[in-house]
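These are my notebook entries on a structure that was new to me. I set down each item in the order in which I looked it up.

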Amino acid sequence: QVQLVESGGGLVQAGGSLRLSCAASGRIYSINAMGWYRQAPEKQRELVARISNVDITRYADSVRGRFTISRNNDLVYLQMNSLKPEDTAVYFCYAKTVMEYWGKGTLVTVSS
């Protein structure tokens, strides 16, 4: 079992920055990859960024160049710069072993 707890969400003006953090606990040695997904109102959950155990990263086209994912042992971060109103969503931390684990989410609201 892996437990994930997100933090760092909040309200920010367009053009601003936020950093999300996710702390993993439990069987963290079994994690192959971690990442962030988001879900805006009335939309499907979508990949934002993910990072593998060998630091291979993948980004959604909509955030590439603005967001940066990084990992330090049991912590994964998402640095979000140049935020746009369309980035408003609940952001979920994700970890993959032979199973998938999700955090409860943290709300990011970007005002115009």
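Predicted model: local features only at pLDDT ≥ 70, side-chain atom pairs only at ≥ 80, totals over all residues.

**Entry 1: a charge over rings.** I began with R45, which lies over the face of F92 at 3.8 Å from the ring centre.

**Entry 2: aromatic pairs.** How many aromatic pairs does the structure hold? I count 3. One of them is formed by Y37 and W102, with 5.0 Å centre to centre and 75 degrees between the planes, and it is edge-to-face. Y37 belongs to strand 4 and W102 to strand 10, so this pair ties together parts that are 65 residues apart in sequence. Y94 also pairs with W102: here the geometry is tilted, at 5.0 Å centre to centre and 55 degrees between the planes. I recorded that ring pairs link Y37, Y94 and W102 into a cluster.

**Entry 3: cover of the cluster.** W102, at 34%, is partly exposed.

**Entry 4: strand 9 and its partners.** I turned to strand 9, which spans residues 89-96. This strand is mostly covered, with 6 of its 8 residues buried. Which way does strand 4 run relative to strand 9? The two run antiparallel, and 7 bridges join them. Strand 4 covers residues 33-39, and its residue Q39 has V90 as bridge partner in strand 9.

Strand 11, residues 106-111, also pairs with strand 9 in the antiparallel sense, over 3 bridges. There I noted V108 as the bridge partner of A89.

Strand 10, residues 100-102, is a further antiparallel partner of strand 9, again over 3 bridges. A hairpin through 3 residues joins strand 9 to strand 10. Across this pairing Y94 stands opposite W102, and I had already listed these two residues as a tilted aromatic pair.

**Entry 5: a buried arginine.** I returned to strand 4 for R38, which is found there. Is R38 buried or exposed? With a relative accessible area of 6%, R38 is buried. I then looked for polar partners of its side chain. The side chains of R38 and Y91 are joined by a polar contact of 2.9 Å, and the side chain of S62 makes another with R38, at 3.4 Å.

Finally, I listed what R38 touches, leaving aside its neighbours within four places in sequence. Its contacts include Q44, R45, E46 and V48, then S62, V63 and F67, and then E86, D87, A89, V90 and Y91.

Notes
Residues numbered from 1 in each chain as written. Heavy atoms only, no water. Buried < 20%, exposed > 50% of the residue type's maximum accessible area, 1.4 Å probe, protein only. Helix = DSSP H or I, 4+ residues; strand = E, 2+ residues; numbered from the N terminus. Pairing = 2+ DSSP bridges. Phe/Tyr/Trp six-rings, centres within 6.5 Å; stacked < 30°, edge-to-face > 60°. Lys NZ or Arg CZ within 6 Å of the ring centre and 35° of its normal. Polar contact = N/O pair within 3.5 Å; in protein donor to acceptor, adjacent residues only side chain to side chain. Contact = heavy atoms within 4.5 Å.
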